[in-house]
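Here is a friendly look at the salt bridges of a predicted model. Have the sequence and the 3D view at hand as you read.

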Amino acid sequence: MNTIKTALLLGGLTGLLMLIGGYFGGQQGVVIAFIFALVMNFGSYWFSDKIVLSMYHAQEVTESQAPEIFTLVRNLALRASLPMPRVYIIPEDTPNAFATGRDENHAVVAVTQGILRILNREELEGVIAHELTHIKNRDMLVSSIAATLAGAIVMLAHMAQWAAIFGGGSRDRENDGGGVIGLIAMAILAPIAATIIQMAISRSREYDADAGGAHISGKPYGLASALEKLSRASQSIPLQANPSTAHLFIVNPLTGRSFMSLFSTHPPIEERVARLRAMLPR
C-alpha cells in the first residue's frame, strides 16, 4: 500500500506540474522548468553520498577499525541480498543514522558515535536493517524524482510571481479578472502543495523501510525499541542538521524545532512503533 501511495503522490506532483505549466507557460514553460530541475537534482543524486558525508564530517571505517559495526552491517547485507555498503561513522553525540548512495553498488551506511553508545545489538541491527531497506528500495532515486518535480513546480511558481508583479497573465484571463489574482494564488499555493506531497512521499518510504528492516533483522521489537530511544535522545541532544538532509535520517533530526507535522519528513514515532509491534507474534 505504501508503494501504491508513493506512486499516486508522484503522480500528483506530475499533475500539479502540468497544471501550473499549462496555466502559466504552456508546454514550453513546463519543459524549461522540468529540464532545469532535472539537471540540478541529477547532480545532487549522483554526488549525494559525497555531499552529505562531507557535510557531517563522516569518516569511513574498515573492519579492523570498527569490527562490531562492520560485521553487523556485512551480515545484514548478506541477509538482504545486497552488496556490502561502505560504513561511515559521524563524530556526533546525537544518536542517528542514514543511508545514501545512488544505487546498491555505491551505497553508504552512516551512523553517529552516539547511536553506537546507547543502542544494544538487537536495536542496532534493526536500525541498520532499516537503512539497508532504503538502499534495496532505491529510495534515493524516489527522493530525487520527487525533488525534481517539486523543484520544477517551485520554479514555475517563482516565474508566476514575477509575471504577476510585472502585469503577466494571458489576455483572456485578464479580461475575466482572474489573470493576476490567479498568478499570485499559484505562486503562493503551488510550492506549499508540492512540499506537502514531497514530505508525504518521504513518510511513506519510512514506513516501508521500517517493515523491511523488521523483516531483514527478524526482530521488529529491536527496531521499535531503537526508535523510541532515538526519538527521546534527539529531543534532548538535537543534531545540528541541514533541513535539506533531514529526510535521510532514521529519526527526524529536527524534532527539537517547531515544525508543523504536515511538513515533517518522518511519520510520528508512536505510529511507527505501533506498526512494528503489530508485527510481533501473538
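## Lys-219 and Glu-125

Lys-219 forms a salt bridge with Glu-125 (a side-chain nitrogen of Lys or Arg within 4 Å of a carboxyl oxygen of Asp or Glu), and their closest N and O atoms are 2.9 Å apart. Lys-219 sits in the loop between helix H9 (179-217) and helix H10 (220-236), while Glu-125 belongs to helix H6 (residues 121-136), so the pair ties together parts 94 residues apart in sequence. Helices (H or I, at least four residues) and strands (E, at least two) are DSSP runs, numbered from the N terminus.

Glu-125 counts as buried, at 8% relative accessibility; buried means under 20% relative accessible area, exposed over 50%, and partly exposed in between (1.4 Å probe, protein chains only). Arg-121 joins Glu-125 and Lys-219 in a network of salt bridges.

## Two further pairs

The structure holds 12 salt bridges. One of them joins Arg-86 to Asp-49, with the closest N and O atoms 3.0 Å apart. Arg-86 lies in strand E2 (residues 86-90) and Asp-49 in helix H3 (residues 48-55), so parts 37 residues apart in sequence are tied together. Asp-49 is buried at 5% relative accessible area, whereas Arg-86 is partly exposed at 30%.

Arg-277 also forms a salt bridge, with Glu-228, at 3.1 Å between the closest N and O atoms. Arg-277 is partly exposed, at 42%, and Glu-228 is partly exposed too, at 25%.

## About the model

Residues are numbered from 1 along each chain as its sequence is written, and side-chain values use heavy atoms, leaving out hydrogens and water. In this predicted model, local features need pLDDT of at least 70 and side-chain atom pairs count only at pLDDT 80 or more, while totals for chains, interfaces and linings use all residues.
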